[in-house]
Amino acid sequence: MKITQHASLLPYNTFGIDVKADYFIEYNSADDLQNVLLSDVVKNNKILHVGSGSNLLFLKDYEGVIIHSAIHTINKLKEDDKNIYLEVGSSVLWDDFVEYAVENSWSGVENLSLIPGETGAAAVQNIGAYGVEVQEVIEKVNAVEIETANFRTFKNHECKYGYRDSIFKNELKGKYIITSIVFKLEKLQVFNLTYQQLEEAVLKNGEMNLKNIRKTIIAIRESKLPDPKIIGNAGSFFMNPVISKQLFRSLLNVYPQMPHYCVSEQEEKIPAGWLIEQCGWKGKRIGNTGVHAKQALVLVNYGGASGAEIVHLAEKIQQSVKEKFGIELKPEVNYI
Ligand code: EPU
């Protein structure tokens, strides 16, 4: 294990907020993590485990220990005619894993190309895009309990996955650290083209195959979403709200062009980006913060913004959406 005091967290949050942590500890195996969790510095301080911080917003310096995984391995566990099972270390960059899968012609994660962050965080957040959620390919999740340092394996159903949600964000929040994830990918070419216009966009680029799906999705994302290396951001700032059919019908009367997706017989999901754009926020700037001009769901740090300034902008947006549509937007980003 490696301990640094007064560590800058700038490399560990894609919003580019310049804060510090009292301690920063990195571990390179599940056994090493056990030692970290049993150490005095961890026992005597508040701790937070981070990936690459693509879903975090630091509001101030962190008074405690930030823990980060350095488990970078990908191991083939087994395979049969149809599937391959891969164990991926929690700090493997998500998109490096997607690239590796696509290069090997294994399908299942190609629609999740270019999502920022590390694999461990992907399993906490149940990342999703273009009709696919990561839970569809997760077989199990290996973790260590923070309090006891005991190992535990969670089967997929035990993770209680939902839209951008899992047990690790609810009952077990702050209780386990994920060290690796076992994925089950398809060796046969199985494509998910349920997202509107994806099939058309892929075919415009060439043949229907994994490499071309990845290339197309990268192009779509790059055209809408800012690169965090250039402009600080955390992808979608809010979740897409799920509302009652009753509210949905009354809104559709007033806004017949409102995009929407059916969730169940009782509920409908509305794109938060559309709601925010309708409130006139798209492309607006307040000081060093702003709403991205090509996707209103993304809040950006133009440089030097504090976490509090971003929260201030987020609250103003939430207020306008509430006033105009009667809908409460919930942040997808975690405030720390
Ligand atoms: N829209 C607008 N204005 C905007 C943005 C979107 O009117 O500024 C409309 C679009 O025209 C479209 C609808 O909203 O009709 C949906 O837009 P889009 O397909 O871009 O997706 P999204 O719902 O805004 C979600 C995810 C993204 C994911 C995309 C693609 C959430 C919170 N966000 O965004 O995930 O990439 O779908 O599947 O579910 C992320 O989580 O960080 C993220 C980027």
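**Group meeting: a walk through the cores of this model**

Let's start with I276: skipping neighbours within four places in sequence, I276 touches F238, W281, K282, V291, A296, L297, I317, V321 and L329, where contact means heavy atoms within 4.5 Å. Keep in mind that this is a predicted model, so local features need pLDDT of at least 70 and side-chain atom pairs count only at pLDDT 80 or more, while totals for chains, interfaces and linings use all residues. Residues are numbered from 1 along each chain as its sequence is written, and side-chain values use heavy atoms, with hydrogens and water left out.

So where does I276 sit? Together with I317, I276 has the most contacts inside the largest nonpolar core, which has 45 residues. By nonpolar core I mean a set of buried Ala, Val, Leu, Ile, Met, Phe, Trp, Tyr and Cys residues joined through side-chain atoms within 4.5 Å. Buried, in turn, is under 20% relative accessible area, exposed is over 50%, and partly exposed is in between, with a 1.4 Å probe and protein chains only. Several elements supply at least two residues each to this core, among them β2 (20-27), β5 (62-69), α7 (245-254) and α8 (272-278). Which element gives the most? That's α9, with seven residues.

Apart from that core there's another, of 41 residues, including V102, W106, I115 and L185. In general, nonpolar side chains tend to be buried together in soluble globular proteins.

Okay, zooming out. The protein chain has nine helices and 20 strands; these are DSSP runs numbered from the N terminus, helices being H or I of at least four residues and strands E of at least two. The radius of gyration is 20 Å, close to the 20 Å from the globule rule for 336 residues, so the chain is as compact as a globular protein of that length. That radius is taken over C-alpha atoms, and the rule is 2.2 Å times the number of residues to the power 0.38. Along its principal axes, the C-alpha trace spans about 60 × 50 × 35 Å. And of the 336 residues, 50% count as buried.

T179 is in strand β12 (residues 176-186). Is T179 buried or exposed? Buried, because its relative accessibility is 5%. Its contacts beyond four places in sequence include A30, L33, I71 and N142.

Then there's N192, in the loop between β12 and α5 (198-205). The C-alpha atoms of N192 and E265 are separated by 24 Å.
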